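Work through the exercises below with the sequence and the model open. Each task is followed by a solution in steps.

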There are 2 protein chains.
Amino acid sequence: MNFRDLHQQVKQHTDDSLLNLIDLLPEHAPRLKMAMQHALLAGGKRMRPLLVHLVGNTLDIPRSDQLTISMAIECIHAYSLVHDDLPAMDNDDLRRGKPTCHIAFDEATAILAGDALQTLAFTILADHPMSSCGNSKRAQLISILAKAAGYLGMCGGQAIDLASTGKTISLTELTRLHQLKTGALLCACVEMITLVSDSLAPQHREQLIEYARLIGLAFQVQDDILDVEGDATQIGKPQGSDIELGKNTFPQLLGMAPAKQELANLHAQALQALHTLPYNTDYLAAFTDLMVKRDH
Amino acid sequence: MNFRDLHQQVKQHTDDSLLNLIDLLPEHAPRLKMAMQHALLAGGKRMRPLLVHLVGNTLDIPRSDQLTISMAIECIHAYSLVHDDLPAMDNDDLRRGKPTCHIAFDEATAILAGDALQTLAFTILADHPMSSCGNSKRAQLISILAKAAGYLGMCGGQAIDLASTGKTISLTELTRLHQLKTGALLCACVEMITLVSDSLAPQHREQLIEYARLIGLAFQVQDDILDVEGDATQIGKPQGSDIELGKNTFPQLLGMAPAKQELANLHAQALQALHTLPYNTDYLAAFTDLMVKRDH
């Protein structure tokens, strides 16, 4: 199967599984249920499930276990977008061309939908059948995801982002901000799916996690470059909107040419991390390109 | 030790443990860290940790394991209060006489603090050493807490509360609302601490959970009665504020005398549930009185 078809298939499986998950909830709070579904199925590209799937397939992890991990991660990702879009945070009315959760519903429902999606992530990891992993590993999966989502990861990164908006921070601080805000969850994809493998050598696990760290950072550098040079209709937000909001960006701190050089370095390092693994990593190389060379 | 001193001791241990937990977080997002501490240590009565402790002691569960469970529950409880107080929800400026989190900090920080506290609850259950419980039971503890906190519990109840404010609902619906919004977490206290016991008979476990369900509901009926008859300075909010907000209450649906009779029935049933257990339940009986006969 070519990479594009594989991505489409993973997206479809993830969408179907998440829709099914929400369908199974009882009807006692229909508006909240609809808001959770809206948030989960608002047309995301499912990059994280794709990464879980590619690493999972490489390690012969059963498809159903890949999906369990992907669904939990997508619940955390979706909740974070709902809360980040709130008026008190980034105050965004649109995401991927559709009304954000608090616009489609209301602010109270959006707060609750985010809250309930976060909880749902942990329910999935605690409850869903997993054929390749006993109860003892479930707690570790939950530990990894919670660390990536909470103060030590995403929430901490978002707080640093809020605190540093309108101020100039150092390159080290900007890198740390992105490592926490978006990098931690991407690393968690790899940490989780590799945890359930019984055959992976520890040093190869470390290399895959390092790969995730590198592409996470590369993704963000590319995001910042697109904010300056991208086509507004492609990237879905006005050009220069990050800088206008007073966000720190890599091109701003480094200059555009050095930022592009940094992106190229990260890309090369990520491919290098794959290169030394004793697996066929062609799909992962294609994933790297998708993350780094995108135009939106 | 008399019951009042025991309660004070549990409160002190819980406060100290939570403060220590926050202290141990790194400093990368100091404002978020302070907001989490503010939310966790805003003078709660620690009724849930007290219930965990009383049942845990009855079943000889080690004190450190009781504390692990209590801390996780208090993180969920604290996060729910922070989000419930937000302007888009109940819009409360004060809680227990102190500024609420979004007043003491700001709305974005309060949303994030709630989010990070929810995550922290699951980190605690996944990571903290537990002497009486292996990894296999951790996933079950997490499952119980997540069920009580999410769409099937607290979040679902809060959504029903929002949807039914300003409308008259049936007694069955009001009971269900409270069972989800506040009852589920109280039941989870008992479900969790009894799960780690190896000696408790299943029917006695069910009885203890039923006891928690009964006192949870009794607590809410009493809350509604206090809203009409309580001393505003004692209950910490203006008399009649629930009715003014268009909230459904038991006295309003049943009449005051039948509501008081219902409270007495629930109280008697709760004591009856304790009575048939083969344990000394004197402290739990005192706890029942504390929950049901309070004046604030």
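**Exercise 1.** Is B:Arg46 buried or exposed?

*Solution.* Start with how the model is to be read. This is a predicted model, in which local features need pLDDT of at least 70 and side-chain atom pairs count only at pLDDT 80 or more, while totals for chains, interfaces and linings use all residues. Residues are numbered from 1 along each chain as its sequence is written, chains are lettered from A and ligands numbered from 1 in the order in which they are written, and side-chain values use heavy atoms, with hydrogens and water left out.

Step 1: take the relative accessibility of B:Arg46, which is 5%. Step 2: apply the cut-offs, where buried means under 20% relative accessible area, exposed over 50% and partly exposed in between (1.4 Å probe, protein chains only). B:Arg46 therefore counts as buried. Helices here are DSSP runs (H or I, at least four residues; strands are E, at least two), numbered from the N terminus. Step 4: check the backbone; B:Arg46 is not a glycine, yet its phi is positive, about 60°.

**Exercise 2.** Where is A:Asp60, and is it buried or exposed?

*Solution.* Step 1: A:Asp60 belongs to the loop between helix H3 (47–58) and helix H4 (63–84) of chain A. Step 2: its relative accessibility is 68%, so A:Asp60 counts as exposed. Step 3: phi of A:Asp60 is near 60°, a positive value in a residue other than glycine.

**Exercise 3.** Which residues does B:Leu208 touch, not counting residues up to four places away in sequence?

*Solution.* Step 1: find B:Leu208 in helix H10 (residues 202–229) of chain B. Step 2: note that B:Leu208 is buried, with a relative accessible area of 4%. Step 3: list its contacts (heavy atoms within 4.5 Å). They are B:Val55, B:Val190, B:Thr194, B:Leu200, B:Leu277 and B:Leu284.

**Exercise 4.** How many residues of chain B are in contact with chain A, and which elements supply them?

*Solution.* Step 1: count the contacts; 46 residues of chain B meet 46 residues of chain A. Step 2: take the buried area (accessible area, 1.4 Å probe, that two parts lose on being put together, summed over both). The two chains bury about 3700 Å² between them, 72% of it on carbon and sulfur atoms. B:His28, B:Leu112 and B:Tyr151 supply 22% of the area that chain B buries against chain A, more than any other three residues.

Step 2: assign elements. Those giving two or more residues to this side of chain B are helices H2 (30–40), H4 (63–84), H6 (107–127), H7 (135–149), H8 (154–164) and H9 (171–195). H6(B) gives the most, with 12 residues. Step 4: sort by type; the side of chain B that touches chain A has 27 nonpolar, 11 polar and 8 charged residues. Nonpolar covers Ala, Val, Leu, Ile, Met, Phe, Trp, Tyr, Cys and Pro, charged covers Asp, Glu, Lys and Arg, and the others, Gly among them, are polar.
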